[in-house]
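Here is a short briefing on salt bridges and strands. Keep the structure open as you read.

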Amino acid sequence: MGTRGELNLSEVREKLAGKSGRAYWRSLEEVAETPEFQAWVDDEFPNRASLMNVDRRSLLKYMGASMMLAGLAGCRSMRLPSAQLVPYVNRPEEMVTGEKLYFATGYTLQGITEGIIVESNYGRPTKVEGNPKHPTTGGASSAFMQASVLDLYDPDRSKSPTKDGITNDWTTFLSDARKIVSDLKKKGGEGLAVLLPTVGSPSLIAELERFRKEFPRASIASWEPSARDKAYLGTVIAFGKPLETVYHLSKAKAILAIDSDFLASGPGFLKNARDWAASRNVDGDPESMSRLYAIEPTPSATGALADHRFPAEAEMVDQFVQALAARLGVPVSNASVGGDLSVWLEAVAQDLEKNSGHAVVIGGEYLSAEAQALCHLINLKLGAEGSLVTHHSAVAWMAGKQEDSLRAFAGAFANGDTEFLLVLGGNPAFNAPADLKFGELIKQAKVSAHLSPMLDETGRVCTWHLPESHSLESWGDGRGLDGTATIIQPLIDPLFDTKSVLELMLALFGNADSAQDIIKARWAGQGLDDQGWRAALQDGIIPNTKAAAAGLSAMPPAPIKAITGTGELEVLLRLDPTIFDGRFANNGWLQELPKPLTTLTWDNTVQLSPKHAEKLGVVSGDLVEVATASGKVTGGAWVLPGQAENSVTVHLGYGRDMNDTLIAAGTGFNAYQLWDGASAVKGSVTKVGGKVALASTQMHHYLEGRDIVREMELDALLHPHEGEHHEGHHRDISMYPDPEKEFPFEGPKWGMTIDLNVCTGCHACVTACQAENNIAVVGKDQVLKGREMHWIRIDRYYGSKDLGEMSGKKKPTRADLDNPTTHLMPVTCMHCEAAPCEPVCPVAATVHSKEGLNQMVYNRCVGTRYCSNNCPYKVRRFNFLNYNDRKFSDFKIDGKNSSRDLRVRLMVNNPEVTVRGRGVMEKCTYCVQRINAARITAKNAFAKGQREKPEPMDGEVITACQQACPTGAITFGNLADESSKLARLKKMPRNYSLLEELNTHNRTTYLTKLRNPNKEIG
């Protein structure tokens, strides 16, 4: 909701306390029933009046344009410059008109490379998927992976080198830099400084080690805010060396997440989510379903999925780890926790012990190194090491030493003797710890150069700004969390005059070989011949490169020191769920992607618990000041149920000083000003007066309070006749004719199920759908008006009652504002067989196909919006403006970006899907283009006698959302095929339809969420 009314949180608590039975709510405003909320609900198309904020002359202009374009609705309103096309004389190898090519490569984040498959249309990368052969991705992908292709076509990318802000060229830079390097080499590299982000590429690490030998007196460091120093130091404390930790959760029965969002973030989370989903599978042996506990200071997707969640301040979480270790017999200084937490700890400890060998503790990367070490030792004690947990040699260069290396590196600037500073990626002037004032340090170097995709905060204070190639434009290599190596290959020649980090290192420091030659020679030296090289490029992995499990000692030689706290207010500084450390701030798909749980877009906020907000007298949107020893910032408050009372969470990466960029400028506030490198710092929060508009989607497309969430305890599934109310699959008697009898469908009957039991709310499906279907970014102002265009939304509901009341076996307990149960529910078009949208369309723009798909004929749509008004699921999106074809000046009030070339941005579009224009309604199509592609392939194979039927077989049609999902929560298929997985799932007792009482006969249905509570926890 764009604007938020004043709330009285005490009244909200009273209203929740006065409710009887189960109830679910999406926001504090809903519970409070504020006038602003009610007005939003009552208005079917909120903020439509803003379209009329024009003068008479403009109104007539728009009316005239609308009439001229009425017959062209659905077509692009802009035309690209035409050019004469010359047919191929010799067609490129494997290029077939209308067919896509797929290439295996790698995606690197935090130094860890995961395998991906990239779709190419006529030499133009347009879509990223996970590589099914890679042990981490397993065919799934993250929102970051999906959105990486948009970064390739970012019109704000630098086109050529600049010196002191004036356009220059690589020849001049390399000539000048080589002369400086040559002079400094005579002094052993004294006066030369090189800074890089996290490096995991074996070939680049080899070049860096060669550089160290040739320039022994040079300063070199590795740094980025997402460096996992504490995770590595935890293994150093526990095992004596930095190691990677890999979890194998498919056989786990009890899992404890300690300030860890292992299901939705961090290296390896795709594998974690897939394995966890397998442990929750109830199709085979329901009694083997795992139980998940979570203790954390700020709500996470993992916490939302936990059977039991305990909110606790970060310092209390550290003390909890120490107390749990002591309880389980790990040698550690005496520790204890009190109150409800002590009861919770004892119940969890007993469950872990009972499931020894099948129980695991997962420590988050924000924990102190000592607490992480204790988590590893607990796993040794529980017998998880070697089965549920394995450790391997560290992938990252300078593992565990990044912050120390940065501070030593900064200290080298103090004497002013740095002749040449080379920053190869990253943005330390923006995201280094505030106390270093790194932007000022850079200016002390006599000559400085910064390699990055665009001119950012660091580039502006350096002598030279050098444009960096995208990973889809360059050669490289990398390792996964378990050591599996991947060759990163380019899919397209560089769009601009750019170089990669490896290419620049080779060009500057005396190696004449190309990056491809260096990489190929390196792996040839490890036994990869030409045939193996081609196979590695095709498969996306180099065989037999998985790291061997590290040998670990049973226990450390001495007890780990005690972890103590101060009890002061703590400010938690965390990576943002969508723009990470700020590197994705100019990616429109990620800026507009609703953040898990808060559903905020385009902003960061100061997240407060309801109790803390009551004390301060603030509600969401009020401006507050956050102060720490490093600095102070002002931002909008966000009241978040489930936040620990004495913790305040602020996300990093916003507040970019990049006024000449299209997307990043003017979003949020810079929380790095509060940061000294620690994930939790002591501070204060003060209300300062004033408000800020926060673009949250949580109350958009409201379903009028209808009860759509279904959940049950595992016991209810195992013993359905023991007094438990069972939410089953049924179809009510209806006054309307049965669509299957009235309009029999021929051929396939496409449908979908979404398993709420394993949906993690990671939003990979949302971004995958956006990339596949050319869905527009609308900007913050339009989101404030409720006009975001995503075809999939993930609703977040809070539960006002504990599940205990359902069974009647224990006393009901109310989940209040401070720790409610949380439910995540993807909602897309239901493809109703009796679709309410169809009879109201005056031009038959929304119609049924013979296979039962609810289709949109874009060039018929005249924008009446009757269909959206009649849709009970609120899944239709209307193009109020030309979001796809607008000029770049439309993004900026001052119009500075009007000269940017629009064509590079259009290169990301999928050529198989229409680009919709103003006045056109759109929605989920079940990826009908993929259905048709599979049908054509099947028919061709049938004609050649290669198969028995001319229709796609089960599993041959995979929708974009289904393909991206790491847990397999989405199943798509043919209901007419009784042997299909979908048909089997539809018959399960957990299957239900959204708003089934409306009798729209949905093709999209849901599987009820299950909880596996510990009866020892009240």
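The points below go from the model itself to its charged pairs, then to its strands.

This is a predicted model, in which local features need pLDDT of at least 70 and side-chain atom pairs count only at pLDDT 80 or more, while totals for chains, interfaces and linings use all residues. Residues are numbered from 1 along each chain as its sequence is written, and side-chain values use heavy atoms, with hydrogens and water left out.

**Salt bridges**

- The structure holds 47 salt bridges. A salt bridge is a side-chain nitrogen of Lys or Arg within 4 Å of a carboxyl oxygen of Asp or Glu.
- D539 and K133 form one of them, at 3.0 Å from N to O. This pair links distant parts of the chain, 406 residues apart. D539 sits in helix α20 (residues 530-539), and K133 in the loop between β4 (124-130) and α5 (143-152). Helices (H or I, at least four residues) and strands (E, at least two) are DSSP runs, numbered from the N terminus.
- R217 and E190 form another, with their closest N and O atoms 3.0 Å apart. R217 lies in the loop between α7 (202-214) and β8 (219-222), and E190 in the loop between α6 (170-185) and β7 (192-196), so the pair ties together parts 27 residues apart in sequence.
- R583 and D581 also meet in a salt bridge, at 2.8 Å from N to O.

**Buried or exposed**

- Buried means under 20% relative accessible area, exposed over 50%, and partly exposed in between (1.4 Å probe, protein chains only).
- D539 is partly exposed, at 24%.
- R217 is exposed, at 53%.
- R583 is partly exposed, at 38%. D581 is buried, at 3%.

**Barrel and helix**

- Six strands make a closed barrel in the order β20-β25-β22-β24-β23-β26, with mixed pairing. Two strands pair if DSSP finds at least two bridges between them.
- From one strand to the next, the twist averages 45°. Axes are lines fitted to C-alpha atoms, for helices over the stretch in contact, and angles run from 0 to 180 degrees between N-to-C directions.
- β23 (residues 622-628) and β24 (residues 632-639) pair in the antiparallel sense over five bridges. V624 stands opposite G635 in β24.
- Helix α11 (residues 314-327) lies across β20 (570-574), β25 (647-651) and β26 (680-691). The helix runs at about 85° to β20. Contact means heavy atoms within 4.5 Å.
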